[in-house]
Amino acid sequence: VSQLNWSFVYDQDGFESIIQKQAQIYNIQPNFNQLVYKIKYDIQNGDYKARVYTSDQTGKQIVYEAKRIISTVSANVLEESIIDFEPSLRYPAAEFNPMKRVIWFKVFYQFSEAFWEDELYLFYPRSDDGSVFEFINLNRHIPGCN
């Protein structure tokens, strides 16, 4: 097994903190924990060309109007039609995104003491069913984390 030379990127406060920091820099007030269920565009209502329909954790529906929308959703959201686009998107999700969805399950364990060798990365593919065991020694990236 060869050792890969790559960097592990992380933020102790989580990805949400990155968005919050950027919003603070650009004086934007993002709204978290809202489910987007519909995006309607090509609206002829003054300056606004789009509406985003959301609901919060209590089920309260909220509609935002904007001149433009940049929507970055996963292939799963598009393929499962979780968001209703009106009018529908020009390219069907399956044709637009040729990558197939797969289930990816990753678990991180933390121990009080390291009991493993000091390898950075170990990778064990299984030929019989295509599954993979992967070991990443995070202690090499974040000393003391075990």
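Predicted model: local features only at pLDDT ≥ 70, side-chain atom pairs only at ≥ 80, totals over all residues.
Trainee: In what order do the elements of the protein run from the N terminus on?
Mentor: Helices (H or I, at least four residues) and strands (E, at least two) are DSSP runs, numbered from the N terminus. The protein has three helices and six strands. From the N terminus on, their order is α-β-β-β-α-β-α-β-β.

Trainee: What percentage of the residues count as buried?
Mentor: Buried means under 20% relative accessible area, exposed over 50%, and partly exposed in between (1.4 Å probe, protein chains only). The protein has 146 residues, and the buried share of them is 17%.

Trainee: How many salt bridges does the structure hold?
Mentor: A salt bridge is a side-chain nitrogen of Lys or Arg within 4 Å of a carboxyl oxygen of Asp or Glu. Side chains of opposite charge can pair when their charged atoms come close. In this structure the number of salt bridges is three.

Trainee: Is Glu-86 buried, partly exposed or exposed?
Mentor: The relative accessible area of Glu-86 is 29%. Because partly exposed lies between the cut-offs for buried and exposed, Glu-86 counts as partly exposed.

Trainee: Which residue forms a salt bridge with Arg-51?
Mentor: Arg-51 lies in strand β2 (residues 48–55), and its partner lies in strand β3 (residues 61–66), 14 residues apart. The side chains meet at 2.8 Å, N to O, and the partner is Glu-65.

Trainee: With which side chain does the side chain of Thr-54 make a polar contact?
Mentor: Thr-54 is in strand β2 and is buried, at 2% relative accessibility. A polar contact is a pair of N or O atoms within 3.5 Å; within protein, one must be able to donate a hydrogen and the other to accept it, and residues adjacent in sequence count only if both atoms are side-chain atoms. At 3.0 Å, the side chain that Thr-54 meets is that of Gln-34.

Trainee: Which residues make up the largest nonpolar core?
Mentor: A nonpolar core is a set of buried Ala, Val, Leu, Ile, Met, Phe, Trp, Tyr and Cys residues joined through side-chain atoms within 4.5 Å. The largest has five residues: Ile-39, Val-52, Val-77, Ile-83 and Phe-85.

Trainee: What is omega for the peptide bond between Glu-86 and Pro-87?
Mentor: Pro-87 is in the loop between β4 and α3. The peptide bond that joins Glu-86 and Pro-87 is cis, and omega is about -5°.

Trainee: Where is Ser-81, and what is its phi?
Mentor: Ser-81 is in the loop between α2 (75–79) and β4. Ser-81 counts as exposed, at 56% relative accessibility. Although Ser-81 is not a glycine, its phi is positive, at about 55°.

Trainee: Which residues make the nonpolar surface patch of about 650 Å²?
Mentor: Patches are made of residues with over 30% relative accessible area and no salt bridge, like charges being joined within 9 Å and nonpolar side chains (Val, Leu, Ile, Met, Phe, Trp, Tyr) within 5 Å. One of the residues, Phe-105, is in the loop between α3 (93–96) and β5 (121–125) and is exposed, with a relative accessible area of 72%. The patch is made by Phe-105, Val-107, Tyr-109, Phe-111 and Phe-115.

Methods: Residues numbered from 1 in each chain as written. Heavy atoms only, no water. Areas by Shrake-Rupley, 256 points an atom, 1.4 Å probe, with all protein chains shown as cover.
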